[in-house]
Amino acid sequence: MSEVRIERLGPRETSLVAGRIAEAFMALDAPRWLVPDAARRQSVLAGNFAILVDHAMRYGLVHATADRAGVAVWFPSVGDPAPPPEDYDARLAAACGEWTDRFAHLDKLFEAHHPHPDHHHLAFLAVAPDRQGQGLGSALLRHHHAVLDAEGVPGYLEAASETGRDLYARHGYQVAEPFHLPDGTPFWPMWREPSRAATAAGQPA
């Protein structure tokens, strides 16, 4: 396929990014536990993701393909930590309603397994369902990995499916033992060391 152009997004596209993530994540198992009501699942997810994407617009990096079919949300975790999202508890309750406790439980799981060394955290990588399998996710990964390799910074993520886990493994991530939601749904913590060749050369691999 031809080269995929990647752009960095600003706050005006927060809702678009949150909606894209919710749309793509509807096929995963975790959202079914987070929001058992199928009719309300996607809108609740989009509301939750909007909080985190808004935070990434302020303290992280939000990238997308030029046509916005694929999006990636990164949080640098280098040096002093960023503050939590403003009024997070109230905003979480407003977005998630009767399922707030389930999202809070997931937050605690992620926090308990989050590594401490400096890294960039890939919070979300999502591609529109009708564009999946066309290399957009890989293009988004390569785009930011080039920066991480040049700066000698590791990457970290939690894979939410076996398909995602295998994709990330092809991009150099090493998988650790999974942790689970109460219904048994797994998340695989994955860590990627920067490419030594690119770091040594001072340029992307």
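Reader: What makes the crossing of helix 1 and helix 3 one with a hand, and which hand is it?

Author: In this predicted model, helix 1 passes helix 3 in a right-handed crossing, and a crossing is given that name if the near helix is turned clockwise from the far one by less than a right angle. The axes of helix 1 (residues 14-25) and helix 3 come within 8 Å and cross at roughly 135 degrees.

Reader: Why is helix 1 called oblique to helix 3?

Author: The axes cross at roughly 135 degrees. Angles over 145 count as roughly antiparallel and those from 65 to 115 as roughly perpendicular, with oblique kept for the rest, and therefore helix 1 is oblique to helix 3.

Reader: Which residues make the contact between helix 1 and helix 3?

Author: Helix 1 contributes T14, V17, A18, I21, A22, E23 and F25, while helix 3 contributes Q42, L45, A46, F49, A50, V53, D54 and M57. By class, the contact of helix 1 with helix 3 has 11 nonpolar, 2 polar and 2 charged residues.

Reader: What makes R91 and D54 a salt bridge?

Author: The closest N and O atoms of R91 and D54 are 3.3 Å apart, and the rule asks for a side-chain nitrogen of Lys or Arg within 4 Å of a carboxyl oxygen of Asp or Glu, so the pair of R91 and D54 counts as a salt bridge. This pair links distant parts of the chain, with R91 in helix 4 and D54 in helix 3, 37 residues apart.

Reader: Is D54 buried or exposed, and how do you know?

Author: D54 has 18% relative accessibility, and the cut-off for buried is under 20%, so D54 counts as buried. R91, at 27% relative accessibility, counts as partly exposed.

Reader: What links E98 with R40, and where in the chain do the two residues lie?

Author: E98 forms a salt bridge with R40, the closest N and O atoms being 3.3 Å apart. E98 lies in the loop between helix 4 (88-96) and helix 5 (100-113), whereas R40 belongs to helix 3 (residues 38-59), and the two are 58 residues apart. E98 has 60% relative accessibility and the cut-off for exposed is over 50%, so E98 counts as exposed, while R40, with a relative accessible area of 38%, is partly exposed.

Reader: How many salt bridges does the rule give, and which residues are linked in a network?

Author: The count comes to 11 salt bridges, and R5, E7, E13 and R68 are linked in a network of them. R32 also forms a salt bridge with D29, the closest N and O atoms being 2.6 Å apart; R32 counts as partly exposed at 39% relative accessibility, and D29 counts as partly exposed at 42%.

Reader: Why is D87 called exposed, and where is its place?

Author: D87 is in the loop between strand 3 and helix 4, and has a positive phi of about 50 degrees although it is not a glycine. D87 has 54% relative accessibility, and exposed means over 50%, so D87 counts as exposed.

How values were computed. Residues are numbered from 1 along each chain as its sequence is written. This is a predicted model: local features need pLDDT of at least 70, side-chain atom pairs count only at pLDDT 80 or more; totals for chains, interfaces and linings use all residues. Side-chain values use heavy atoms; hydrogens and water are left out. Buried means under 20% relative accessible area, exposed over 50%, partly exposed in between (1.4 Å probe, protein chains only). Helices (H or I, at least four residues) and strands (E, at least two) are DSSP runs, numbered from the N terminus. Axes are lines fitted to C-alpha atoms, for helices over the stretch in contact, and angles run from 0 to 180 degrees between N-to-C directions. Angles under 35 degrees count as roughly parallel, over 145 as roughly antiparallel, 65 to 115 as roughly perpendicular and the rest as oblique. Contact means heavy atoms within 4.5 Å. Ala, Val, Leu, Ile, Met, Phe, Trp, Tyr, Cys and Pro count as nonpolar, Asp, Glu, Lys and Arg as charged, and the others, Gly among them, as polar.
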